[in-house]
Amino acid sequence: IYYLCYMNKQHYQLPNDMTKDGNLVPNDLLVYLTIKSYMNKDTKTCFPSLKTLSEKIQFSIPTIRKSISKLEAENWISISKKGRKQIYSFKPSKNFEVFSPEFLKADDTTSKEKAYVMSSQQLMYKDIEGLGKVSYSDKELSEKLNISEHLVSKYNKSLKGKGLLYMVDSDKFENGAMIPNKIFDLSKLQQDIIF
């Protein structure tokens, strides 16, 4: 339903299930989407430099190279060379999440927090305008995103401290402890494009 609303807005598409095989992590998805943000709408290709990508997302060039290698190995991107330029093209996807340019540019979240939100967004229920709900425990979420449970907890805590995430009681339990629903404020995250 929400896909009808973004059609006239500038957006970037991130395929669902990129972390499904266990080889990619949220940071790889951020590198992918950042590269894709430079895509020419006619040629469906782009050629941002590693330096440009590093400056935009504050990851080191070796980290970006590693992500690009993983994305290419998983066939999410293909790379051709023209002189010194690496030209990127993207595997088409029918199932995807949309992200606003404002989300990528926002300075109230770190790159790693953005990567966490991006990878979590495909797991969210978006039945209330402006909010996205995740009902998985930190352990379940860590397994789906291929990151440690400690990192999930750390990102939840930092996003909660910024008023971008709320924990709400649920009726779900794990090992006798209640698993709170994670409610992401997509409007504050500048992701209201999806409504």
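Helices (H or I, at least four residues) and strands (E, at least two) are DSSP runs, numbered from the N terminus. The structure is a predicted model, in which local features need pLDDT of at least 70 and side-chain atom pairs count only at pLDDT 80 or more, while totals for chains, interfaces and linings use all residues. Residues are numbered from 1 along each chain as its sequence is written, and side-chain values use heavy atoms, without hydrogens and water.

β6 and β10 (residues 181-185) run antiparallel and are joined by four bridges; two strands pair if DSSP finds at least two bridges between them.

## The sheet

The order β6-β10-β7 makes an open sheet of three strands with antiparallel pairing. Its edge strands, β6 (131-134) and β7 (165-168), each pair on one side only.

Helix α7 (residues 149-161) packs on the sheet and touches β7 and β10, where contact means heavy atoms within 4.5 Å. The direction of α7 makes about 110° with that of β7. Axes are lines fitted to C-alpha atoms, for helices over the stretch in contact, and angles run from 0 to 180 degrees between N-to-C directions.

## Helix α6

L141, S142 and L145 are the buried residues of helix α6 (residues 138-145); buried means under 20% relative accessible area (1.4 Å probe, protein chains only). Because these residues cover an arc of only 100° around the axis, they lie on the same side of α6. The arc is that of the directions from the helix axis to the C-beta atoms.

Among the elements covering them are α1 (26-36), α5 (111-121) and β6. Just after α6, N146 takes a positive phi of about 65°.

Terms used: Buried means under 20% relative accessible area, exposed over 50%, partly exposed in between (1.4 Å probe, protein chains only).
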